[in-house]
Amino acid sequence: MQETLNYINENKQRFVDELFELLRIPSISADPVYSNDVLKCAEVCAEHLKSAGADNVEVCTTKGYPIVFGEKLIDEKLPTVLVYGHYDVQPADPLELWKKPPFEPYIEKTELHPEGAIFARGSADDKGQFFMQIKAFEAMMKTNSLPCNVKFILEGEEEVGSVSLGSWVNENKEKLSCDCILISDTHIYSNEQPTVTTGLRGLSYVEVEVEGPNRDLHSGLYGGAVPNPIHVLSRMIAKLIDDDGRILIDGFYENVEAVSDEERAEMNKLKDNPAEFKKSIGLNDVEGEKGYTTLERTSIRPTLDCNGIWGGYTGEGAKTVIPSKASAKISMRLVPYQTPEEITEKFTRYFEKIAPTNVRVKVTPHHGGTPYVLPTDTKEYLAAKNAMQTAFGKEVLPYRGGGSIPITSMFEQVLGAKSVLMGFGLDSDAIHSPNEHYGLFNFYKGIESIPMFFENYSK
């Protein structure tokens with residue numbers, strides 16, 4: 001292992017230089033304008049896998065963007081780890097809020113990253129993190145220390161719901177057979193308190209529409225006599241959550257996991273710092289479901305948020321209309337034993353129930369995902385925990401994340417393997433936002449920790 005760590009240390013600058021080349025490719029899967037860049041990025045990822053030492057590297061076609069596959073099988077008697085990552089990135093808008101162009105990576109020191117952070121779209125989500133896996137694999141190959149079999153799949157549609165991945169995995173179950181899945185697409189609690197993510201929330205995402213009059217109306221001629229869809233929608237959204245932070249949808253909490261007092265006590269060892277939390281997002285105070293800490297509200301409790309709302313005239317100047325329609329997008333984060341199908345149905349029934357009779361409402365379901373939990377007594381969790389404790393030199397705690405990675409449940413269902421969520425970013429890395437960045441410290445710690453995970457898991 002020391003030889004592997006020496007190789008990593010000797011090649012740090014090259015690793016960053018190569019990552020910069022990858023970050024310069026604007027592989028935005030949501031915008032067809034960048035389709036050629038997404039395809040180019042897949043080819044570049046395949047070349048990196050080949051040069052690192054992977055065999056049978058393929059750029060596999062799907063109904064959408066390709067999936068890059070590679071493997072190194074050294075002994076069928078040894079366990080096999082399947083590494084997952086995604087090479088597509090979020091759109092960079094709004095561009096004017098970036099300090100520098102989003103696809104021209106640079107390094108800058110920050111308060112949380114005194115050694116410097118890499119600023120670029122995709123630096124933390126997920127190019128910087130899956131690239132750690134490739135470089136760790138390279139280090140093990142170059143030092144003849146790979147302790148088990150490894151397979152890679154890198155997809156190009158994660159940021160648009162992994163629409164092609166499920167069918168491709170089902171069609172290639174034998175090719176992808178493995179004992180566990182290793183994913184670096186999450187974050188740690190802090191650099192001072194490293195964590196392994198042991199849970200993710202699921203998701204139900206819907207769009208709602210309220211329709212009133214059959215056309216936009218003059219607010220002087222009709223105001224005060226007809227329902228205004230923006231007003232109606234606003235009142236309906238206000239009826240989704242009460243003043244104690246409880247979601248009012250009928251039956252919403254029926255299947256929510258009851259987390260034990262012992263587990264709640266364990267997770268709160270992460271030393272929730274309310275003052276620092278508020279400072280980091282520019283708030284004077286926080287809110288949420290009564291009876292739970294901020295850590296619990298953002299991990300083990302389900303939530304509902306309005307993500308966007310629109311209707312009527314929003315251009316320059318004035319246009320005095322009562323709009324015909326108003327719409328909103330709403331996301332609900334789910335916890336174990338809730339399913340997106342169940343919650344979407346309950347939301348739809350409730351939303352239709354609270355609508356006044358003088359408007360028409362429509363609920364359109366979008367994508368969803370199932371919650372995921374990795375028990376802390378599994379060999380997968382213990383291998384990750386011990387690897388990170390060695391690399392960081394600090395106690396590593398379990399941490400339930402608030403986000404969603406729907407593929408984890410799909411992998412378990414189709415491949416029969418647990419996913420280890422061994423990410424190294426910070427929640428302050430501004431993923432999906434302007435000035436996304438990834439700390440050099442975190443990038444290097446990831447590359448150091450991954451070979452130790454392979455060694456621990458093999459044992």
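Helices (H or I, at least four residues) and strands (E, at least two) are DSSP runs, numbered from the N terminus. By that count, the protein chain has 14 helices and 18 strands. This is a predicted model: local features need pLDDT of at least 70, side-chain atom pairs count only at pLDDT 80 or more, and totals for chains, interfaces and linings use all residues. Residues are numbered from 1 along each chain as its sequence is written, and side-chain values use heavy atoms, with hydrogens and water left out.

**Overall form**
- The C-alpha trace of the protein chain spans about 80 × 50 × 45 Å along its principal axes.
- Contact means heavy atoms within 4.5 Å. Among contacts with a separation of 6 or more, 79% join residues 24 or more positions apart.
- Buried means under 20% relative accessible area, exposed over 50%, and partly exposed in between (1.4 Å probe, protein chains only). Buried residues make up 54% of the 459 residues.

**Cysteines**
- A disulfide is a pair of cysteine sulfur atoms within 2.5 Å. The structure holds 0 of them.
- Cys 41 has its closest cysteine sulfur in Cys 45, at 4.4 Å, which is too far for a bond. Cys 41 is buried, at 0% relative accessible area.
- For Cys 178, the closest cysteine sulfur is in Cys 180, 7.0 Å away, again too far for a bond. Cys 178 is buried too, at 14%.

- Most residues other than glycine have a negative phi, and most peptide bonds are trans.
- A cis peptide bond joins Asp 93 and Pro 94, with omega about -5°. Pro 94 sits in the loop between strand E3 (80-86) and strand E4 (106-108).
- Asp 125 and Asp 126 are also joined by a cis bond, with omega near 0°. Asp 126 is in the loop between strand E5 (117-119) and helix H4 (127-142).
- Ser 162 has a positive phi, near 50°. Its loop runs between strand E6 (149-155) and helix H5 (165-171). Ser 162 is buried, with a relative accessible area of 13%.

**The loop between E17 and E18**
- Ala 430 lies in the loop between strand E17 (418-421) and strand E18 (437-439).
- Beyond its neighbours within four places in sequence, Ala 430 is in contact with Arg 121, Asn 435, Glu 436 and His 437.
- Asn 435 lies in the loop between E17 and E18. Its phi is positive, near 65°. Asn 435 counts as buried, at 16% relative accessibility.
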